[in-house]
Amino acid sequence: ETIDDFEEVSSVASYSMSMQLCREGIVAGPSSGEGLCGLIQYLEKMRTSGRLSELADPETGEISCVFICCDLPYQYLDGYFDRLPESQFPPILNQILLGCDQDKYSESWILSTRQAARMLSCSNQRKQRLRECKRRSNQTRMADVRQRTLGTRFLDLRQREDFETEHIPQSMSSPLKSLTPAIRDLFGNPETLHMIWTGLQSKFIKGEKELSPKKLPIVILCYDGDTSQMATSILRAKGYTAFSVCGGFCALKRSTPTRKLGDGDE
């Protein structure tokens, strides 16, 4: 007796109407969409039967309608994608990014040039002690000494010819084929980002031996610091203690002596 009329509304229609309301600035969930759909269906039924005038105000002839917005959409977000066809959603731009570069980033993994130079200095001192021990130790003892004196490793992703022209002492060349000095704004170019990420994934899967052991710090160098940030993110997800350098090799070389290949490297 408390209900004048009853309308059945599908969940698809409810979610679709809710999304239309949200796009018009009325943030309402599927139950609110259901209420509006039911109201529209009722009005259409009255119009079809020729009884719409029964709802009009006797003086103005206007029909006043109210529906209740009783919920919000946020807790039902998955339902919109599950129930509604793709045609109801705008196209996804740069869809290739959905499958790459999903690992965590942290500013604490980005070294300043001063921090990187300090790590390099400490690493070189350890290696110097290792060379001194090598001259006066037997082979068995050397294995133990090596474990205790190994320090930070520097992995240079720049092209081989650039490494040969100039590099950080004691760094190791491991060129990334897709990386060139011409790449600018890595994180602003979806195609380039995907290309670099794919190359890094392949490199680190194939080059596990050159990265081990995981517990030792490894500093990744590139031209400007962007690619090394991505590499650090990937390696951290794999359990390595990896770092990048703010500004990359170009910034680090201004505060650290560099060498050409053959100038005393071991």
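Me: How do you know what reach to expect of helix α2 (residues 30–48)?
Reply: The expected span of a helix is 1.5 Å times one less than its number of residues. With 19 residues, α2 is expected to span 27 Å, and from its first C-alpha to its last the helix reaches 26 Å, close to that value. A helix here is a DSSP run of H or I with at least four residues, a strand is a run of E with at least two, and both are numbered from the N terminus.

Me: What kind of model is this, and how are residues numbered?
Reply: This is a predicted model, in which local features need pLDDT of at least 70 and side-chain atom pairs count only at pLDDT 80 or more, while totals for chains, interfaces and linings use all residues. Residues are numbered from 1 along each chain as its sequence is written, and side-chain values use heavy atoms, with hydrogens and water left out.

Me: How many helices and strands does the protein have?
Reply: There are 10 helices and 5 strands.

Me: Why is I196 called buried?
Reply: Buried means under 20% relative accessible area, exposed means over 50%, and partly exposed is in between (1.4 Å probe, protein chains only). I196 has 0% relative accessibility, so this residue counts as buried. I196 sits in helix α7 (residues 190–206).

Me: What does I196 touch, not counting residues up to four places away in sequence?
Reply: A contact means heavy atoms within 4.5 Å. By that rule I196 touches L176, S178, L179, I183, L186, T227 and M230. One of these, S178, is 18 residues away in sequence, with a C-alpha to C-alpha distance of 6.2 Å.

Me: Which residues of α2 are buried, and what covers them?
Reply: The buried ones in α2 are P30, S32, G33, L36, C37, G38, L39 and M46. Their cover includes α1 (11–23) and α3 (77–83).

Me: What makes C70 exposed?
Reply: C70 has a relative accessible area of 53%, so this residue is exposed. C70 is in the loop between α2 and α3. Beyond its neighbours within four places in sequence, C70 contacts S31 and S32.

Me: Is Q170 buried or exposed, and what about D185?
Reply: Q170 has a relative accessible area of 19%, so Q170 is buried. D185 has 52%, so D185 is exposed. Q170 is in the loop between α6 (160–165) and β3 (172–173), and D185 is in the loop between β3 and α7. Neither is a glycine, yet phi is positive at about 70° in Q170 and near 55° in D185.

Me: What makes a space a cavity or a pocket?
Reply: On a 1 Å grid over the protein atoms alone, a cavity is a set of points where a 1.4 Å probe fits but cannot get out. A pocket is an open set with protein on both sides within 12 Å along at least five of seven lines, and lining residues have an atom within 4 Å of a point. A search of the whole structure finds 1 cavity of 30 Å³ or more.

Me: Which residues line the largest cavity, and how much space lies in it?
Reply: About 50 Å³ of space lies in the largest cavity, where a volume is the space filled by probe spheres set on grid points joined across faces, edges and corners. The lining consists of L179, T180, I183, L186, C222, Y223, D224, D226 and T227.
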